[in-house]
Amino acid sequence: MDLPGHVLREQNGLRWIEPDGSLGGIARVLFTTRGGGHSRPPYDSLNLALHVDDVSERVRMNRRAVQAVFGPRVRPPVVMDQVHGARVAVVGEIHAGTRWEAPESALAGTDALVTATLRLPLTVLVADCVPVAIADPKSFRGVLAVAHAGWRGLAEGILGATVARLQETYGTDAADCCAWLGPAIGPCCYTVGAEVAAHFPDDARDGPGGEWRLDIGGAAARQLAAAGLQPERITHLSLCTACRGDLFFSHRRATQAGDPATGRQALFAWIIPPPAPG
Ligand SMILES: [Zn+2]
């Protein structure tokens with residue numbers, strides 16, 4: 001499989017994708033596929049979401065299997081309650097494991113996280129929306145953000161809000177940041193109504209059948225550039241989640257197939273320690 005700038009890794013029966021090298025020199029980024037895990041159809045098989053009516057214990061087994069490949073001294077991941085909004089939360093050591101073993105009230109209604117804490121994985125669950133990681137290598141020993149960017153969140157300015165929160169909290173200069181955008185539904189498959197397309201005049205196109213097609217990854221990259229990131233520091237692994245049923249869950253594909261539900265893959269990103277001196 002051709003994954004420019006990325007590697008497909010396998011361990012303990014799990015398959016995931018990582019960029020070659022760290023993001024901005026300070027963060028490890030890992031994106032799961034549906035390969036591996038314990039869930040049964042229509043969640044087969046590495047479903048990482050507790051909120052989609054899969055058997056909770058299977059999801060917990062899947063989450064533990066993923067955690068096992070993170071390596072030593074990595075904290076339990078932080079999961080947020082994503083609502084397609086534009087709220088950003090600052091998290092630290094005390095948030096390790098939030099919503100990881102079970103749903104709870106913390107981080108409700110949150111679609112982006114920022115942190116300066118080492119080895120604290122920030123999680124984004126997706127099936128077609130764009131998973132985003134942003135690394136600022138210049139502030140402190142590096143600071144990190146993740147965001148869940150669907151069309152509603154983008155229309156509300158989730159990525160601009162995330163960069164603004166990095167600036168307010170850590171003094172980040174957006175021009176120093178590197179961003180990674182993961183697999184999301186592509187314009188090949190993402191037909192939308194005119195009312196959705198109207199939010200994205202630069203990234204929605206009239207299709208042959210008169211329907212609109214939205215390039216949501218392009219829209220996310222455009223919002224990051226508008227927030228001050230340098231376009232050459234924005235990497236997009238543009239595999240389509242709806243086309244690539246061999247690799248990914250897709251809400252749109254499941255809906256079109258008449259499946260009652262589907263699973264979620266996940267982006268995990270965490271700040272890694274600086275290399276030892278000498
Ligand atoms: Zn597609």
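Biologist: Where in the chain is R119?
Modeller: R119 sits in the loop between β5 (112–115) and β6. Helices (H or I, at least four residues) and strands (E, at least two) are DSSP runs, numbered from the N terminus. This is a predicted model, in which local features need pLDDT of at least 70, side-chain atom pairs count only at pLDDT 80 or more, and totals for chains, interfaces and linings use all residues. Residues are numbered from 1 along each chain as its sequence is written, and side-chain values use heavy atoms, with hydrogens and water left out.

Biologist: Is R119 buried or exposed?
Modeller: Buried means under 20% relative accessible area, exposed over 50%, partly exposed in between (1.4 Å probe, protein chains only). R119 has a relative accessible area of 16%, so it is buried.

Biologist: What is the phi of R119?
Modeller: R119 is not a glycine, yet its phi is positive, about 55 degrees. R73, in the loop between α1 and β4 (88–90), is another non-glycine residue with a positive phi, near 70 degrees. R73 counts as exposed because its relative accessibility is 65%.

Biologist: Which peptide bond involving P42 is cis?
Modeller: The bond from P41 to P42 is cis, with omega near 0 degrees. P42 belongs to the loop between β3 (27–32) and α1 (56–67). S45 is found in the loop between β3 and α1 as well, and the peptide bond joining D44 and S45 is cis, with omega about -5 degrees.

Biologist: Where is P201, and is it buried or exposed?
Modeller: P201 is in the loop between α4 (194–197) and β11 (204–206). It counts as exposed because its relative accessibility is 63%. P201 and A161 are 40 residues apart along the chain, and their C-alpha atoms are separated by 20 Å.

Biologist: At what angle do α3 and α5 pack?
Modeller: Axes are lines fitted to C-alpha atoms, for helices over the stretch in contact, and angles run from 0 to 180 degrees between N-to-C directions. The angle between α3 (residues 158–170) and α5 (residues 216–226) is about 35 degrees, and their axes are 8 Å apart.

Biologist: Which residues of α3 and α5 meet?
Modeller: On the α3 side, I158, L159, G160 and V163 meet A220, Q223 and L224 of α5 (contact means heavy atoms within 4.5 Å).

Biologist: Which residues in α5 are buried?
Modeller: I216, G217, G218, A219, A220, Q223 and L224 are buried in α5. After α5 comes G228, with a positive phi near 110 degrees.
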